[in-house]
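Here is a briefing on the structure shown below. It goes by topic, starting with the ligand surroundings.

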Amino acid sequence: STGSQARQAESEPRGGEQSPGLPRSDLKRVLVTGGAGFLGSHLCELLLRRGHRVTCVDNLQTGSTANLSRFGASNRFTFIERDICETLPASLEVDEIYNLACAASPPRYQADPVHTMMTCVVGTNNILEIAERCGARLVHASTSEVYGDPLQHPQTETYWGNVNPTGPRACYDEGKRAAETLTFDYLRAGRVDARVVRIFNTYGPRMQPDDGRIVSNLICQALAGDAMTLYGTGEQTRSFCYVTDLIAGIVALMEVEPNPEQPVNLGNPGEFTIRELAEVVVRLTGSRSPIAHLPLPQDDPQRRRPDITLARSLLGWEPKVTLVEGLEPTIAWFSGAQSDENREWSG
Ligand code: NAD
Ligand code: UDP
């Protein structure tokens with residue numbers, strides 16, 4: 001289980017190369033696409049701590065080599081700077097794949113919308129082909145954005161969504177929907193052993209300060225004393241999951257035998273308005289920043305909250321970190337005061 005493996009990893013010295021105690025047969029060669037990004041770097045860190053060999057493929061579009069510096073010296077870690085839309089080395093042999101490559105912040109994925117769609121479709125197809133060739137198990141990172149501006153609340157996996165297929169968010173929303181389609185078509189054809197995780201808004205240390213998503217924007221603005229930007233009324237809601245909870249969930253998904261045609265929501269059901277989030281950030285930072293209202297972007301979802309009944313029963317998983325508990329280390333990281341080492345990985 002997640003807990004016992006994390007405890008077994010305790011004996012591993014930081015950055016150490018010794019086996020952390022997993023049986024040799026449980027040590028895997030793992031490919032993480034998007035591993036230099038926010039979620040990907042936390043995932044690489046956990047996998048390395050458990051003793052696995054990790055290959056990260058990333059084009060550094062929104063990721064950063066600084067995210068990799070913590071474990072870059074490990075002889076079990078390999079970084080390949082490459083776009084997943086391009087051909088990957090034919091010599092690549094892996095047991096497991098996490099496909100996380102794709103810009104996730106609206107201003108970032110909209111900066112080159114055609115590339116975003118290609119990453120989702122051409123890139124995911126390339127990764128599915130590698131999974132098929134290697135016989136590797138795949139976890140594909142999808143998103144709550146497949147539900148669009150949802151008409152059902154909270155969102156269950158059976159809801160088909162409400163997505164504008166031609167608007168500025170479509171490159172991501174429809175790209176991610178198409179990537180799910182591709183994954184399930186490979187799966188139904190018996191070509192891959194794949195699982196799809198629909199990730200809801202996740203935050204934590206190692207987001208880029210200029211990422212553009214709400215949590216990093218508000219914290220950086222509050223710390224700098226700049227105006228905190230609320231788009232529209234600020235009454236729209238999101239549900240915020242702390243990064244270590246999310247990563248524990250996707251690793252658990254790799255390990256179980258799910259009903260394969262079933263995507264799985266992962267997120268924290270605690271739902272907040274954007275205004276409430278801003279108020280918590282102001283309180284925790286002691287900031288005197290004013291609030292500035294900016295126009296609401298087109299097709300911005302009004303409400304979002306995951307129904308995690310399936311994840312609870314399938315994985316025995318649920319998030320543990322509350323919003324305040326998760327914002328504290330995130331604020332500390334943005335203010336440069338603390339290390340971002342995930343001490344909870346080792347118990
Ligand atoms: P991120 O932008 O920090 O990381 C994405 C990484 O993928 C970056 O390192 C980037 O350089 C890399 N990348 C982008 N396009 C690529 C390409 N074509 N080839 C190779 N590398 C490429 O974002 P994140 O928050 O870490 O998101 C990771 C994954 O999780 C994404 O697939 C995203 O859609 C999904 N997701 C994240 C959230 C969230 O709240 N963080 C929510 C839903 C889904
Ligand atoms: N948002 C905001 N100010 C910002 C950035 C975002 O009010 O500086 C709003 C945005 O309009 C959306 C919510 O916060 O309603 C979450 O935005 P984010 O880009 O983090 O994620 P997504 O919309 O993809 O869930």
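**Ligand 2**

Ligand 2 is surrounded by 14 residues, and the closest are Arg213, Ile214, Asn217, Thr229 and Tyr231. Helix 6 (214-224) and strand 8 (228-231) are the elements that give two or more residues to this shell. The model is predicted.

- Strand 8 supplies the largest share of the shell around ligand 2, three residues.
- By class, the ligand 2 shell holds six nonpolar, five polar and three charged residues.

**Ligand 1**

- Around ligand 1 there are 28 residues, and Gly34, Gly37, Leu39, Thr62 and Gly63 come nearest.
- Helix 2, helix 4 and strand 5 are the elements that give two or more residues to the ligand 1 shell.
- The largest share, three residues, comes from helix 2.
- By class, the ligand 1 shell has 13 nonpolar, 13 polar and two charged residues.

**Helix 2 (38-49)**

- How many residues of helix 2 are buried? The count is 12 of its 12 residues, and the helix is mostly covered.
- Among the buried residues of helix 2 are Phe38, Leu39, His42, Leu43, Glu45, Leu46 and Arg49.
- Their cover includes strand 1, strand 2, strand 3 (77-81), strand 4, strand 7 and helix 7 (243-255).
- The 12 residues of helix 2 should span 16 Å at 1.5 Å a residue; the end C-alpha atoms are 17 Å apart, which agrees.
- Gly51 follows helix 2 and has a positive phi, near 100°.

**Arg50**

- Arg50 lies in the loop between helix 2 and strand 2 (53-58).
- Is Arg50 buried or exposed? Arg50 counts as buried because it has 24 C-beta neighbours inside 10 Å, and the cut-off for buried is 20 or more.
- Arg50 and Cys220 are 170 residues apart along the chain, and their C-alpha atoms are separated by 33 Å.

**Helix 4 (113-134)**

- Helix 4 has 22 residues and reaches 31 Å from its first C-alpha to its last, close to the 32 Å expected at 1.5 Å a residue.
- Where does helix 4 bend? The bend is at Thr119, by about 35°.
- Thr119 is itself buried, and other buried residues of helix 4 include His115, Thr116, Cys120, Gly123, Ile127 and Ala131.
- An α-helix has 3.6 residues a turn, so residues three or four places apart point the same way.
- The buried residues of helix 4 pack against strand 1 (29-33), strand 4 (96-99), helix 3 (106-111), strand 5 (137-143), helix 5 (170-188) and strand 6 (193-199).
- Gly135 follows helix 4 and has a positive phi, near 65°.

**Helix 5 (170-188)**

- The 19 residues of helix 5 should span 27 Å at 1.5 Å a residue; the end C-alpha atoms are 26 Å apart, which agrees.
- Buried residues of helix 5 include Ala170, Cys171, Tyr172, Asp173, Glu174, Lys176, Arg177 and Tyr186.
- What covers the buried residues of helix 5? Their cover includes helix 3, helix 4, strand 5 and strand 6.
- Just after helix 5, Gly190 takes a positive phi of about 75°.

**Nonpolar core**

- The largest nonpolar core has 83 residues. Val32, Ile97, Ala131, Val197, Leu218, Ile247 and Ile250 touch the most other members.
- Ala131 is also one of the buried residues of helix 4.
- Ile247 touches Leu39, His42, Leu43 and Leu46, leaving aside residues up to four places away in sequence.
- In soluble globular proteins, nonpolar side chains tend to be buried together.

**Backbone exceptions**

- Most residues other than glycine have a negative phi, and most peptide bonds are trans.
- The peptide bond from His153 to Pro154 is cis, with omega near -10°. Pro154 is found in the loop between strand 5 and helix 5.
- Arg206 has a positive phi, near 85°. Its place is the loop between strand 7 (202-203) and helix 6.
- Arg206 counts as buried because it has 23 C-beta neighbours inside 10 Å.
- Asp299 also has a positive phi, near 65°. The place of Asp299 is the loop between strand 13 (291-294) and helix 9 (309-315).
- Asp299 counts as partly exposed, with 17 C-beta neighbours inside 10 Å.

Key:
Residues are numbered from 1 along each chain as its sequence is written. Chains are lettered from A and ligands numbered from 1 in the order in which they are written. This is a predicted model: local features need pLDDT of at least 70, side-chain atom pairs count only at pLDDT 80 or more; totals for chains, interfaces and linings use all residues. A residue is near a molecule or strand if its C-beta atom, placed from the backbone, lies within 6 Å of it. Helices (H or I, at least four residues) and strands (E, at least two) are DSSP runs, numbered from the N terminus. Ala, Val, Leu, Ile, Met, Phe, Trp, Tyr, Cys and Pro count as nonpolar, Asp, Glu, Lys and Arg as charged, and the others, Gly among them, as polar. The expected span of a helix is 1.5 Å times one less than its number of residues. The bend at a residue is the angle between axes fitted to the seven residues ending there and the seven starting there. Two residues are in contact if their C-beta atoms, placed from the backbone, lie within 7 Å. A nonpolar core is a set of buried Ala, Val, Leu, Ile, Met, Phe, Trp, Tyr and Cys residues joined through C-beta atoms within 7 Å.
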